Amino acid sequence: MARGPQLSLAIRAKRFDTAHAPLFSDFRLDVAPSSVVALVGPSGVGKSTLLRLVAGIDTAYEGRIAIDGVPAAEAPPAGFVFQDARLLPWLSARENIRAVRAATTAAEADAALGRVGLGGFETAFPHQLSGGMQRRVALARAFSVNPRLLLLDEPFVSLDRSLVRDIQSVLKELIATHEPTVLLVTHLAEDAAVLADRAVVLADRPVRVVADVTFGVPRDARTPTDLVRIVTEIEGVQAGAARAPA
């Protein structure tokens, strides 16, 4: 099975015309193949922008972002899960998956839905699915695009935490099976503790890494005590960054 790619980010500058200070300046981040890295920080710090840069959607920056040595804009598209499901309402669950990759067959789309627990809902339209089910379709769609590289932009936002735990279980199984490289954007330390191998805590403008926390214990072996320890460490770093003078 193909493992996930290595990511190398070296952003000299990323600016928006409406802002005086650059969002990123001399920012570096390396991500090991098949690792799950959580990007943790407050809203507006630049987490989602970072995902768009890695995805090759936003190319207006100075520097180099490489996926297995290939510039991000030239690499195969990443599987991207956005803050909302972004399903096309006039297409069934099956056809929503096929719409983003022409080579995907109906049987492959159905298999992808089965892997996220939606067997039997292949012909359902988005309005017939709950919010949690729509997120599962979005996850299946992302894996159908690229099972080696997954970008998750606050994928659990606005969902009840019981639904979040269900989707996290599905995601953990997919990660264990496919071994992708994953960047998970979240503002919640709990999500990072459950899914990631490592948390990169971001703050300030220009964005800087205020902590790079490796969890040590494999995600499937983490006890409730381990999860509390990881959450406490991440939240402590975030609190310290918030108190630091600008």
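This is a predicted model: local features need pLDDT of at least 70, side-chain atom pairs count only at pLDDT 80 or more; totals for chains, interfaces and linings use all residues.
Local features were taken only where pLDDT is at least 70 and side-chain atom pairs only at pLDDT 80 or more, while totals for chains, interfaces and linings use all residues. Residues are numbered from 1 along each chain as its sequence is written, and side-chain values use heavy atoms, with hydrogens and water left out.

Helices (H or I, at least four residues) and strands (E, at least two) are DSSP runs, numbered from the N terminus. Strands of a sheet pair through backbone hydrogen bonds, either parallel or antiparallel. Two strands were counted as paired if DSSP finds at least two bridges between them. An open sheet of four strands was found, with antiparallel pairing and the order E2-E1-E4-E5. Because E2 and strand E5 (70–71) stand at the edges, each with a single partner strand, one side of each has no neighbour in the sheet. Seven bridges join strand E1 (residues 7–14) to strand E2 (residues 24–31) in the antiparallel sense; Leu9 lies opposite Leu29 of E2. The antiparallel pairing of E1 with strand E4 (residues 62–67) has six bridges. In E4, Arg64 is the bridge partner of Ala10, and Glu62 stands opposite Ala13.

A nonpolar core is a set of buried Ala, Val, Leu, Ile, Met, Phe, Trp, Tyr and Cys residues joined through side-chain atoms within 4.5 Å. Buried means under 20% relative accessible area, exposed over 50%, and partly exposed in between (1.4 Å probe, protein chains only). The largest nonpolar core comprises 48 residues, and Leu139, Leu150, Leu171, Phe215 and Ile234 have the most contacts inside it. Helix H4 (residues 131–145) gives the most to this core, namely seven residues. A second, separate core has 29 residues, among them Ile11, Leu23, Leu53 and Ile67. Apart from neighbours within four places in sequence, Ile234 is in contact (heavy atoms within 4.5 Å) with Val40, Ala189, Ala192, Ala199, Val201 and Phe215.

A cavity is a set of points, on a 1 Å grid over the protein atoms alone, where a 1.4 Å probe fits but cannot get out; lining residues have an atom within 4 Å of a point. Grid points are joined across faces, edges and corners, and a volume is the space filled by probe spheres set on the points. One cavity of 30 Å³ or more is present. The largest cavity holds about 50 Å³ and is lined by Val81, Arg135, Leu139, Leu152, Pro155, Phe156, Ile167 and Leu171. H4 and helix H5 (161–178) are the elements that give two or more residues to this lining.

Terms used: On a 1 Å grid over the protein atoms alone, a cavity is a set of points where a 1.4 Å probe fits but cannot get out, and a pocket is an open set with protein on both sides within 12 Å along at least five of seven lines; lining residues have an atom within 4 Å of a point.
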